[in-house]
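Work through the two exercises below with the sequence and the structure open beside you, and try each task before you read its solution.

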Amino acid sequence: MSTVIEDMIARKVFNARGNETIEVDIITNSGFGRASAPAGESRGKAEVVYYPQGDVDQAMKRAEELIAPEIVGLNADFQEEIDRTLHEIDGSKDFRVIGGNTAFAISLANAEAAANSLGLLLFQYLGGYIAHKLPYPLGNVISGGKHTRGESPDIQEFLTLPYGAESFFESANANVQIHARTGAALRKKDKLFSGGRSDEGAWVANVSNLDAFEILVKTCEEVSDELGFECGLGIDVAASSLWNEKEKAYVYEREGKRRDPGEQLEFILQLIRKYHLVYVEDPMHEEDFEGFAEITKKAKNCLICGDDLFVTNNERLSRGIKKHSANAVIIKVNQVGTLTDAWETIELAKKNKYIPVMSHRSGDTCDWHIAHLAVAFQCPVIKTGIVEGTRIAKVNELIRIEDFLADRAKMANLQILQEG
Ligand code: PGA
Ligand code: ZN
């Protein structure tokens with residue numbers, strides 16, 4: 001029996017920043033799916049356009065008038081056809097006509113509706129029987145850069161990756177412990193610290209990059225010792241936010257330093273060595289494929305991940321693969337529009353031994369679909385924060401999936417971090 005789409009409803013809701021976003025319901029003859037789109041703050045330049053002329057109302061109008069008549073009547077089981085139809089209706093390269101976030105919400109709602117119509121969970125529907133591995137949660141502990149206002153470190157995110165854990169629950173618990181201890185340590189360091197947190201639920205404190213590293217190294221070590229497994233340290237430099245094109249330098253305002261590309265490269269390599277970083281995202285600005293490659297060549301046992309560099313885009317990832325720019329890629333479906341686009345990028349990544357890192361956005365909703373996508377598409381890492389409602393929505397969904405899989409649940413393979 002085919003799963004016929006009987007109705008598509010678009011509505012305006014809010015994301016956790018209080019900004020308007022689009023949510024879509026897909027109703028089939030035997031099921032239902034719903035998805036809402038997130039938004040980034042430190043976006044890559046090559047991401048698709050979220051809404052036509054930045055206007056959610058315009059996106060809603062086009063969803064009703066242009067898209068719904070084409071989508072209703074199609075078979076929800078044929079995800080590629082739905083996604084292709086969205087591209088055809090739009091006609092541009094970057095979804096500027098219907099909006100990438102509109103495409104995202106329809107694409108995800110459709111996948112959910114197809115799964116629901118078959119009586120399956122989304123990860124089962126997309127990944128089948130072989131999807132039984134849980135990703136390691138990469139969690140944001142201290143925020144800086146564009147994700148904060150006022151005094152904070154220049155580096156955007158200080159992260160933990162409990163890659164030695166034997167279950168998802170244990171690894172999520174490790175992140176929660178590290179987050180809590182870090183909060184207590186920040187209180188000691190910054191007398192004016194009032195427990196403020198960023199959109200991603202990470203601490204915002206008036207500390208330097210160096211302070212943040214020193215605190216996090218200690219809390220990670222303590223929690224690793226107590227729980228008996230490795231909790232690694234990572235960063236998202238979001239270097240495009242630091243890069244000044246005119247000066248050809250990375251400007252670290254808080255530190256009062258300017259680093260030319262060569263100095264930036266050395267600085268990052270030093271950080272990797274000194275703090276045994278296992279994960280570094282966007283260490284160089286989004287057009288510096290060569291600088292990325294230098295770091296990837298020299299860094300040992302460390303994921304060098306492109307976010308703004310690749311923007312989940314197949315062509316940009318191909319360029320990076322040719323130049324050996326990285327060994328990991330962030331997957332944010334709304335950077336590229338549809339599930340099929342993101343899936344193709346994941347496939348390309350895996351074929352070339354790049355680790356796909358499924359990721360939230362800083363302005364997210366309680367939508368939990370990325371938890372299922374990480375399991376279905378076998379992404380060894382999911383970047384989705386530690387605390388805060390829209391992050392916990394994903395973390396708790398992964399706990400449910402682990403519970404559902406019972407004895408079949410295994411943690412993903414992250415051997416790359418243990419190779420010599
Ligand atoms: P976002 O960035 O604000 O664009 O979601 C998060 C990130 O850089 O990983
Ligand atoms: Zn990033």
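**Exercise 1.** In this predicted model, find which polar side-chain atom lies 2.8 Å from an oxygen atom of ligand 1, and then describe the surroundings of that ligand.

*Solution.* Next, turn to E281, where a polar side-chain atom is found 3.1 Å from an oxygen atom of the ligand, and to S42, which contributes a polar backbone atom at 3.0 Å from a ligand oxygen. The protein covers 100% of the 280 Å² of accessible area that ligand 1 has on its own. Ligand 1 is surrounded by 14 residues, with E41, H147, R361, S362 and K383 as the closest, and sorting this shell by class gives nine charged, five polar and no nonpolar residues. Finally, the ligand sits in the second largest cavity.

**Exercise 2.** Determine which residues coordinate the zinc ion (ligand 2), and explain what the pair D236 and D307 ties together.

*Solution.* First list the donors, which are D236 (OD), E281 (OE) and D307 (OD), at 2.0 to 2.2 Å from the zinc ion. Then write their spacing in sequence, which is D-x44-E-x25-D. Now place the two aspartates: D236 belongs to strand β7 (residues 232-236), while D307 lies in the loop between β12 (303-306) and α9 (314-322), so the pair ties together parts that are 71 residues apart in sequence.

Terms used
Residues are numbered from 1 along each chain as its sequence is written. Chains are lettered from A and ligands numbered from 1 in the order in which they are written. This is a predicted model: local features need pLDDT of at least 70, side-chain atom pairs count only at pLDDT 80 or more; totals for chains, interfaces and linings use all residues. Side-chain values use heavy atoms; hydrogens and water are left out. A residue is near a molecule or strand if one of its heavy atoms lies within 4 Å of it. A polar contact is a pair of N or O atoms within 3.5 Å; within protein, one must be able to donate a hydrogen and the other to accept it, and residues adjacent in sequence count only if both atoms are side-chain atoms. Accessible areas come from the Shrake-Rupley method with a 1.4 Å probe; for residues, only the protein chains shown count as cover. On a 1 Å grid over the protein atoms alone, a cavity is a set of points where a 1.4 Å probe fits but cannot get out, and a pocket is an open set with protein on both sides within 12 Å along at least five of seven lines; lining residues have an atom within 4 Å of a point. A molecule sits in a cavity or pocket if more than half of its atoms lie within 2 Å of its grid points. Ala, Val, Leu, Ile, Met, Phe, Trp, Tyr, Cys and Pro count as nonpolar, Asp, Glu, Lys and Arg as charged, and the others, Gly among them, as polar. Donors are N, O and S atoms within 2.8 Å of the metal (3.2 Å for Na, K and Ca); water is not among the atoms, so sites may look incomplete. Helices (H or I, at least four residues) and strands (E, at least two) are DSSP runs, numbered from the N terminus.
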